[in-house]
Amino acid sequence: MCALLASALSGRSSKDICGTYPERAKEELLRAKLNVERRQLESALRKMTGFAATAEPRGAARDIGNIAVLEEDAGIISRRNLFNLNQMRLRFIPSAASYRVEMAASDYNEQEQVQGQVLQAMDDDDTRLLDLNFSFPYFGKSYTSVFVNTDGNLSFLEGDATSRDRGLGRLLSGLPRIAALFADLDVSRAGSISVYRAADRFVVTWFAVPEYADFGIGPQNTFQLRLFANGSIEIAYQDIRSTAAVVGISSGVLGQSNVVSLSASSGLSFTGSIAERFTALEELDTVSAAQRFYETHEDSYDYLVFYNALGINAGSGVVAYEVTTRNHRTGYGDLLVDVGADYGSPSRLQAILNMGPLSQYPTDPNGILPARFSSRDTPVTVLAHEAGHLFLAFASVRDPNNPSSFPMLGRQSAHWSFTFNSEASLLEGERILDKGPGVSPRFETIAVTEQYSPLDQYLMGFRPKQEVPPLFYVANSGISTIVPPAPQVGRSFDGVRRDVSVDEVIAEVGRRTPDDTVSQRKFRFGFVLIVPQGFTIDASWLTQLENYRSHFENFYAKASGQRATADASLKKSVQMSLWPAAGVVLGQTSKARIRLAAAADTARLFTLRSRSGLVGIPASLSIAAGQTEAEFAVQGLAEGVDIMDAVPADANYEATEARVQILAAAKDLTLEVVSGDAQIASTGPLPEPIVLKLTDLNRLPYPGVQVVAKLEGAGSVEPATAITDVEGVVRFRWTPAAPPRNRLQFTLDGVASSELSATVTALGKPFLLSTAVGNAASFAAGLTPRSLQTIFGANLAGGATVVAPFPWPGRINDVEVLVNGRPQPLIYVSDSQINFYLADAISGTDAGLTVNTALGSSGELRVPLAELQPGIFFNPSTGEGAIRKGTGYLEIYATGLGPVEPREGLQYVTSPVEVTINGAKVEVFYAGLAPGYVGLYQVNAVLPAAAAMGAKVQLQVRGIPSNEVKLP
């Protein structure tokens with residue numbers, strides 16, 4: 001307790017529970033790449049100096065019980081990424097939506113340092129708000145002031161004086177920030193921070209500012225950070241002595257970011273944040289460590305959990321972190337990712353947990369970590385916290401007063417906010433007591449770190465949304481959202497209660513797919529201990545880790561409300577094709593398989609079981625000696641979801657389970673084109689096969705279903721029918737006919753194409769007919785000047801589908817429409833339809849129309865031309881017109897009503913417009929262009945009281961009638 005008190009009083013940061021943040025995977029892959037390059041360089045140097053025989057030693061690997069033990073070596077431990085920008089100038093130059101990186105020799109300006117105003121009385125971990133002499137553009141926004149933070153960075157919107165980990169997570173989320181040398185710098189001990197202002201620049205100089213040291217003065221650093229009025233940023237490094245820092249620029253919000261090697265990125269442009277982390281510390285190379293594990297273990301784990309007996313921390317001030325390697329799910333706010341193969345896992349690994357040194361944890365699995373005393377964290381809660389990061393916490397509603405803010409999220413946008421009532425989630429937040437609007441302080445935190453909350457369980461796929469109780473967070477609490485405190489009990493505060501429903505969260509992040517009915521509920525964890533090379537393994541290490549492993553299995557089930565399980569044993573892989581979930585149509589039979597990673601010397605027997613009896617499966621399955629797989633039949637007996645177990649007779653293999661959706665009808669499936677669409681046709685078959693996947697609402701595969709290919713016109717397709725494989729996939733080879741009949745349709749055997757189909761197109765030069773060019777509202781053939789027009793055809797856009805913003809461009813993706821040789825504004829382009837505005841006031845009986853794409857030209861087509869061609873926009877499926885009904889009046893939207901003239905600030909038509917409803921004329925009190933538009937006309941007319949829904953509405957201009965539409 002004395003140590004804890006001393007730590008708190010000193011202002012130094014205690015360890016955060018977690019170094020997880022959305023961009024962690026990029027940093028891990030970059031670290032592995034740099035580690036490989038360093039080892040290759042060292043190997044080359046050894047050969048050059050004649051020491052090739054002294055190759056770096058390689059650590060051994062063995063299993064002790066259910067713990068995999070790896071000896072450390074240079075492949076597993078990344079030694080360092082040393083700061084290599086000293087005496088260099090780093091520039092970030094804005095260009096549209098990106099920044100270009102440039103490197104050059106340092107041009108540190110001593111005169112600007114001397115003439116700059118020294119910021120007085122700056123303490124360690126301090127901040128100061130200063131005005132700029134100009135409006136500084138940064139990531140799409142402009143700022144007239146900036147916070148100068150002592151730790152080598154500038155921030156916008158809010159200052160940052162916390163002593164929390166100066167890592168990539170802090171840079172890339174929270175505040176818009178520019179990090180020149182984001183490190184633990186202490187200007188209270190020595191050095192100075194000064195500011196020089198000019199009409200076109202704002203320069204901050206850190207002069208001889210030392211890194212924090214418990215005693216004396218740490219390594220001193222001198223560098224300048226310059227902001228220019230044009231948005232450019234320069235950092236001149238004069239003398240850098242610190243060994244750990246983060247450098248880069250960040251928009252401060254989740255989105256695209258780039259973890260790069262800055263010295264190797266000169267001349268390159270990046271969209272989004274740009275950053276590099278430098279360190280002289282030894283770190284676990286999680287990529288190489290995982291690859292080493294898979295050299296001696298099969299791909300049968302969802303998580304790999306790494307502890308080390310080397311004293312190597314998971315990061316500065318970090319206890320542990322998670323890296324997501326595979327995510328094919330949606331609806332909880334995280335990004336899709338699939339980099340598991342880079343870690344050595346061909347198909348299964350979903351996450352890496354770097355739990356840091358074993359020595360930082362109490363030996364008791366339920367003992368409190370001293371560094372996390374306030375949040376009551378134990379070895380098993382930290383482990384469950386990191387395991388939860390595969391799904392959490394990334395989902396939030398938006399702040400109604402600030403749509404770019406997500407108030408349910410806290411640290412690094414990957415944890416629940418301190419002021420969110422998370423029901424004592426393992427992913428931070430607290431259980432918050434609301435004492436009522438008449439009490440001050442109204443809110444109090446009463447519990448922390450207990451469970452995966454009901455919302456957590458919904459987002460993890462363990463619970464239906466109907467079982468998530470109402471949620472709330474506290475706005476305007478006065479508690480920092482940028483630098484929040486650790487979870488704690490007994491903190492009271494005021495604020496505004498904001499109630500949130502789970503449906504509001506779903507509206508923001510989308511439906512949880514797959515949902516709780518078929519989502520994975522059993523997860524396999526592989527525990528790995530990294531030990532010194534050649535050392536005798538301390539038995540206490542294994543005892544301690546085994547206690548964590550066995551306690552965690554029980555804790556995970558309890559924390560998830562007994563809705564999910566963790567299996568933390570080392571087993572051989574059993575791959576069931578239905579895993580983790582698949583579908584079968586009611587009454588149909590499909591094939592499934594069980595596959596081993598390696599052939600066994602004797603037959604391997606499995607007991608198969610249907611828990612609910614909704615599927616028909618054999619009672620057992622045997623994989624013959626020398627074989628790696630065997631198939632079995634699965635029949636849909638009753639609608640619903642069943643769970644199927646495959647239990648091996650040999651306990652060295654994992655037991656696996658799969659959820660099977662039995663769907664009532666095939667027409668309720670979705671036939672999705674995976675690849676092969678929009679290929680360029682030539683002679684013979686298309687270069688790539690057409691690949692389709694049969695799925696349902698939860699995107700489950702449906703094996704064993706027959707897919708039928710239907711040609712439009714000539715050509716050939718092989719095969720004519722195909723059966724979906726265990727992944728619900730089919731493949732076809734297509735030889736298209738000559739244009740324009742270049743479409744191929746697919747449906748299911750016994751299902752009408754109107755109920756379920758998918759279509760692919762082979763590309764060539766554009767093809768169109770004069771009768772397929774006409775009014776964009778009525779589709780009547782012909783062209784009308786100053787009107788909106790539509791072209792129907794084939795190959796019209798070279799595979800693109802684009803809706804253009806206003807003002808409409810004359811070219812989209814190399815697509816252009818020429819009328820009498822002049823390009824016209826394009827509104828929408830696709831291979832089958834183009835909408836455009838005929839901007840030219842041309843005359844005559846016809847006009848020449850040409851569509852050009854990157855694949856060729858349609859050639860000129862003569863199309864009839866008319867001065868007037870009134871057409872009302874309508875919904876083709878209902879016949880209802882684009883008509884807005886007011887009290888006693890109608891607004892009818894149309895095109896083709898002819899010339900206009902300015903009057904009273906509006907553009908009135910020059911020819912009178914008549915409106916009839918069920919054949920009876922009604923009064924028209926405006927006819928002209930819709931305000932702010934070209935080509936789109938608006939006609940305002942009286943709505944008779946007797947007019948009912950479905951009444952027939954028509955326009956007429958100089959005796960020329962429009963199409964007839966229904967009154968909506």
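This is a predicted model: local features need pLDDT of at least 70, side-chain atom pairs count only at pLDDT 80 or more; totals for chains, interfaces and linings use all residues.
Local features were read at pLDDT of at least 70 and side-chain atom pairs only at pLDDT 80 or more, while totals for chains, interfaces and linings use all residues. Numbering starts from 1 along each chain as its sequence is written, and side-chain values use heavy atoms, with hydrogens and water left out.

Take the sheet to begin with. Five strands make up an open sheet with mixed pairing, in the order S35-S42-S41-S37-S39; strands here are DSSP E runs of at least two residues, and helices are H or I runs of at least four, both numbered from the N terminus. Two strands count as paired if DSSP finds at least two bridges between them. S35 (581-585) and S39 (620-623) sit at the edges with a single partner strand each, so one side of each has no neighbour in the sheet. On average, neighbouring strands are turned by 25° against each other, direction ignored. Within the sheet, S41 (residues 640-648) and S42 (residues 656-663) run antiparallel and are joined by seven bridges. Asp642 stands opposite Val660 in S42.

On to the cores, meaning sets of buried Ala, Val, Leu, Ile, Met, Phe, Trp, Tyr and Cys residues joined through side-chain atoms within 4.5 Å. Buried is under 20% relative accessible area, exposed is over 50%, and partly exposed is in between (1.4 Å probe, protein chains only). The largest nonpolar core has 63 residues, of which Tyr307 and Phe525 touch the most other members. Helix H9 (residues 539-559) supplies the largest share, eight residues. Beyond four places in sequence, the contacts of Phe525 (heavy atoms within 4.5 Å) include Tyr301, Tyr303, Phe552 and Tyr556. Another core, of 46 residues, lies apart and includes Leu85 and Phe278.

Helix H6 (residues 379-388) is mostly covered, with 10 of its 10 residues buried. The axes of H6 and H9, lines fitted to C-alpha atoms over the stretch in contact, with angles running from 0 to 180 degrees between N-to-C directions, come within 10 Å and cross at roughly 60°. The two helices are therefore oblique to each other, as angles under 35 degrees count as roughly parallel, over 145 as roughly antiparallel, 65 to 115 as roughly perpendicular and the rest as oblique. Among the residues making this contact are Leu383 and Ala387 of H6 and Tyr548 and Phe555 of H9.

Finally, Ser453 lies in the loop between S28 (443-447) and H7 (454-460). Ser453 is buried, at 4% relative accessible area.
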